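We will go from stop to stop, picking a few residues each time.

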Amino acid sequence: MPMALFDRFAKLAQARADLVQGRLNPFGTRIDEIFSPTEGRIGEHRVILAGTNNYLGLTFEPACIQAAQQALEQQGTGTTGSRMANGSYGSHMALEAELADFFARRSAIVFSTGYMGNLGVIASLAGPDDIVLLDADCHASIYDACKLGGAQVIRFRHNDAADLERRMRRLGERARNALILVEGIYSMLGDQAPLREIVEIKQRLGGYLLVDEAHSVGVLGAHGRGLAEELGVEAEVDIVTGTFSKSLGAIGGFAASHHQDMDLLRYASRPYIFTASPSPSAIASVRAALQTMRDRPELRERLWSNARQLYRGLDALGYRLGPQPSPIVPVLLGSPEEGVAFWESLVERGVYVNLVPPLATPGGQALVRCSVSAAHTPEQIERIVEAFAALRAPAAKALAGA
Ligand code: PMP
């Protein structure tokens, strides 16, 4: 009875229908038009886009568009196969060399998405005989990678270096070969890993450290290399992973390392071997974006100025926010129903943010997540704050002190 396979979704569909109840559906938003990195149209509503990961606003950067167009015309629409079987294009390899140079690492590997990069690296390195220690708030790709590789998984409390240390001590000698997994900036709360403390634990107890800088490349560090650069601990990070889908404005992922055997991962990594390589146009726009990011550090300054303006504005309204100013500004709400109504009202007021379903949030709270871009103008940030101000209902006020 093949239909039975789908029966499991009935409860989910009902729960979603109960929650959305004829409102705009925050879990299946159709963005009808995109006018710029910061403006679009959802149905009849022209909206400021504050629910992207377009941190540097590079999706409309002329140099990136031009590079992509040229690649499209000269190399075609797609590679139609995996690099292992069908071969790499010169541009894949050029981007790998540029990434290695940017991160000051011996080598880098490009993957088709950031999700696959984490899967490809972590699952290949950590097999059933290995131990992985991961921050509880790590992204789904990191959890899935551990499953794919079959490693023994030990979770430590989010951003709690003392908890990591306790758990590593319990491992005794086995800690020396364990793989520690953390993120530069966490995608839900916008907070940063206590990387100095973690590095210090690693120096004392051993282990390998992988930092996923998906949300921090282009955002943190004097050159935009991420949290490890910001905190001056890059030498202690064995592997950095990340994505091209956020500050670099396209799609794809990477891993970079100074380890001499890094390149061999290609031969063991299923998400590298068994999927098509990124299209020439995506690679070309990423190369142009990387160069733009290197040439224009002022984009990072603008991003942070916008991030601080939004955080200050929402904080002054009494909303419960993440622990620190960040390009990701989560606004914690109460029930999922409140979240859906709140999200819809924001769209009606011309502001698009993400409603994060409680399942994906730490602690199971409903939250709306705003993300800020260097391309926002201060006036746009002010309009976002005004929309939140208009929704400062008594129910939300009560939560502020909770
Ligand atoms: N790691 C983290 C921390 C992420 O937040 C994401 C995407 N949200 C990814 C990896 C996956 O990146 P991609 O979109 O390129 O698959």
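Start by selecting strand 11 and strand 12 (residues 328–332): the two run antiparallel and are joined by two bridges. To find a bridge by eye, pick R320, whose bridge partner in strand 12 is L332. Bear in mind that this is a predicted model.

Which order do its strands follow? It is an open sheet of four strands in the order 11-12-15-14, with antiparallel pairing. Strand 11 (320–321) and strand 14 (354–356) are the edge strands, each pairing on one side only.

**Next stop: the helix on the sheet**

To see the contact, show side chains for N306, Q309, L310, G313 and L314 in helix 13, which meet P378, I381, I384, V385 and F388 in helix 15. Colour this contact by class and you will find seven nonpolar residues, three polar and no charged.

**A second pair of helices**

Select helix 5 (residues 90–103) together with helix 12 (residues 280–295). They pack at an angle of about 25°, with their axes 10 Å apart. Helix 5 and helix 12 are therefore roughly parallel to each other. Is their crossing left-handed or right-handed? For helix 5 and helix 12 it is left-handed.

On the helix 5 side, show S91, H92, A94, L95, E98 and F102; on the helix 12 side, P280, I283, A284, V286, R287, L290 and R294 meet them. By class, this contact of helix 5 with helix 12 has eight nonpolar, two polar and three charged residues.

**Last stop: the ligand**

Finally, centre the view on the ligand. How many residues surround it? There are 14, and the closest are T113, G114, Y115, A214 and T243. Colour the shell by class to finish: two of its residues are nonpolar, 10 are polar and two are charged.

How values were computed:
Residues are numbered from 1 along each chain as its sequence is written. This is a predicted model: local features need pLDDT of at least 70, side-chain atom pairs count only at pLDDT 80 or more; totals for chains, interfaces and linings use all residues. A residue is near a molecule or strand if its C-beta atom, placed from the backbone, lies within 6 Å of it. Ala, Val, Leu, Ile, Met, Phe, Trp, Tyr, Cys and Pro count as nonpolar, Asp, Glu, Lys and Arg as charged, and the others, Gly among them, as polar. Axes are lines fitted to C-alpha atoms, for helices over the stretch in contact, and angles run from 0 to 180 degrees between N-to-C directions. Angles under 35 degrees count as roughly parallel, over 145 as roughly antiparallel, 65 to 115 as roughly perpendicular and the rest as oblique. A crossing is left-handed if the near helix is turned anticlockwise from the far one by less than a right angle, and right-handed if clockwise. Two residues are in contact if their C-beta atoms, placed from the backbone, lie within 7 Å. Two strands pair if DSSP finds at least two bridges between them.
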